[in-house]
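Here is a friendly briefing to read beside the model. Please keep the sequence and the 3D view open as you go through the topics below.

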Amino acid sequence: MKLTNSKPKPSKACLLCNFISSDVTHAAQRARRFISREHIQYVAREAYQVPDSENCQKALAMVTEYSPDYLVNHCLRSYAFGIAMAHKVKQPFDKEVFFLGAIMHDLGLTSEFDTGDTFEIDGAKAARSFCVEHEINTAKADLVHEMVVHHNSVGIAHKLDPEIALLHFGAGADVAGLLIKDIHKVTLSEVLSEFPRLDFKQGMIKLVSAQIDSKSHSYMTPFIQLGFLKKIESVSF
């Protein structure tokens, strides 16, 4: 797998096109479910518990050490929401790799791992280094890297490996309420109960704003210009 080592900011026009493309794709999925009378399935707590592997436990411990509580819970919810939306990819995926990418996807927002690049690239490098240091095979380490790089790549992530797509769906649902209707209401309620949001909205707005202020090349810049912070504020769950 070729690693993505840069995350240039898109033009606002390109970003809008990607949003439209993504919206059309998911609207078509919902239409097919309606026509076939397919209902969103409830996903129980057991399905999104932290995988019982030493590497997953160590990754969680590392993220907990360097991240504020609200960011740790965001990563855990992103994992849980991704599991709850597995019906959207209809492909098998590696649950341990998915957890590793999900729990480490925002490392680049922490001072420990911010080296001056876009937070997606900084986080991807840190996550891959963790995998290599813990003797996770190269293919899986590379996939974790790409999960982190592309977790916010609108119009792109959903076309890539299922682990990348699911993290994109899960993180987007938690940050901005995107695709939240693709999660069973009871599952949503239980995830929020198990991993409460705390002061996530205010914390995430502060972190993203700091990225924009200090990095003119930030991939997130056009998102903010198009009102993404207001989208975060508007999330009602």
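Helices (H or I, at least four residues) and strands (E, at least two) are DSSP runs, numbered from the N terminus. By that naming, L179 sits in the loop between α7 and α8 (185-194). This is a predicted model, in which local features need pLDDT of at least 70 and side-chain atom pairs count only at pLDDT 80 or more, while totals for chains, interfaces and linings use all residues. Residues are numbered from 1 along each chain as its sequence is written, and side-chain values use heavy atoms, with hydrogens and water left out.

- L179 has a positive phi, near 60 degrees, in a residue other than glycine.
- L179 counts as buried because its relative accessibility is 18%; buried means under 20% relative accessible area, exposed over 50%, and partly exposed in between (1.4 Å probe, protein chains only).
- R37 is not a glycine either, and its phi is positive at about 60 degrees.
- R37 belongs to the loop between α1 and α2 (54-66), and with a relative accessible area of 72% it is exposed.

**The largest pocket**

- Rolling a probe the size of a water molecule over the atoms shows where empty space is left.
- On a 1 Å grid over the protein atoms alone, a pocket is an open set of points with protein on both sides within 12 Å along at least five of seven lines, whereas a cavity is a set of points where a 1.4 Å probe fits but cannot get out; lining residues have an atom within 4 Å of a point.
- Grid points are joined across faces, edges and corners, and a volume is the space filled by probe spheres set on the points.
- The largest pocket holds about 450 Å³ of space.
- Its lining has 22 residues, and F19, D23, L178, L179 and K231 are the closest to the centre.
- Helices α1 (12-36), α7 (162-176) and α11 (228-234) each give at least two residues to this lining, with the largest share, 7 residues, coming from α1.
- By class, the pocket lining has 12 nonpolar, 6 polar and 4 charged residues; Ala, Val, Leu, Ile, Met, Phe, Trp, Tyr, Cys and Pro count as nonpolar, Asp, Glu, Lys and Arg as charged, and the others, Gly among them, as polar.

**The enclosed cavity**

- Searching the whole structure turns up 1 cavity of 30 Å³ or more.
- The volume of the largest cavity is about 250 Å³.
- Lining the largest cavity are 19 residues, and those nearest its centre are H151, N152, V175, M220 and F228.
- At least two lining residues of the largest cavity come from each of α7 and α9 (200-214), and α7 provides the largest share, 4 residues.
- The cavity lining divides into 12 nonpolar, 6 polar and 1 charged residues.

**Aromatic pairs**

- There are 7 aromatic pairs in the whole structure; rings of Phe, Tyr and Trp (its six-membered ring) pair if their centres lie within 6.5 Å, and planes under 30 degrees apart count as stacked, over 60 as edge-to-face and the rest as tilted.
- Y79 and F99 form an edge-to-face pair because their planes stand at 90 degrees, with ring centres 5.0 Å apart.
- This pair links distant parts of the chain, since Y79 is in helix α3 and F99 is in helix α4 (residues 95-103), 20 residues apart.
- Both Y79 and F99 are buried.
- F223 and F228 are also edge-to-face, with centres 5.8 Å apart and planes at 80 degrees.
- F223 is buried at 4% relative accessibility, and F228 is buried at 16%.
- One aromatic cluster is made up of F19, Y219, F223 and F228.

**A buried serine**

- S78 is part of helix α3 (residues 69-84) and counts as buried, at 0% relative accessibility.
- Apart from neighbours within four places in sequence, S78 contacts F98, H105, L167, G170, A171 and D174, where contact means heavy atoms within 4.5 Å.

**Cysteines**

- A disulfide is a covalent bond between the sulfur atoms of two cysteines.
- The structure has 0 disulfides, counted as pairs of cysteine sulfur atoms within 2.5 Å.
- C17 is in no disulfide, and the nearest cysteine sulfur, that of C14, is 6.6 Å away.
- C17 is exposed, with a relative accessible area of 51%.
- C75 is in no disulfide either, with the nearest cysteine sulfur, that of C56, 13 Å away.
- C75 counts as buried, at 2% relative accessibility.
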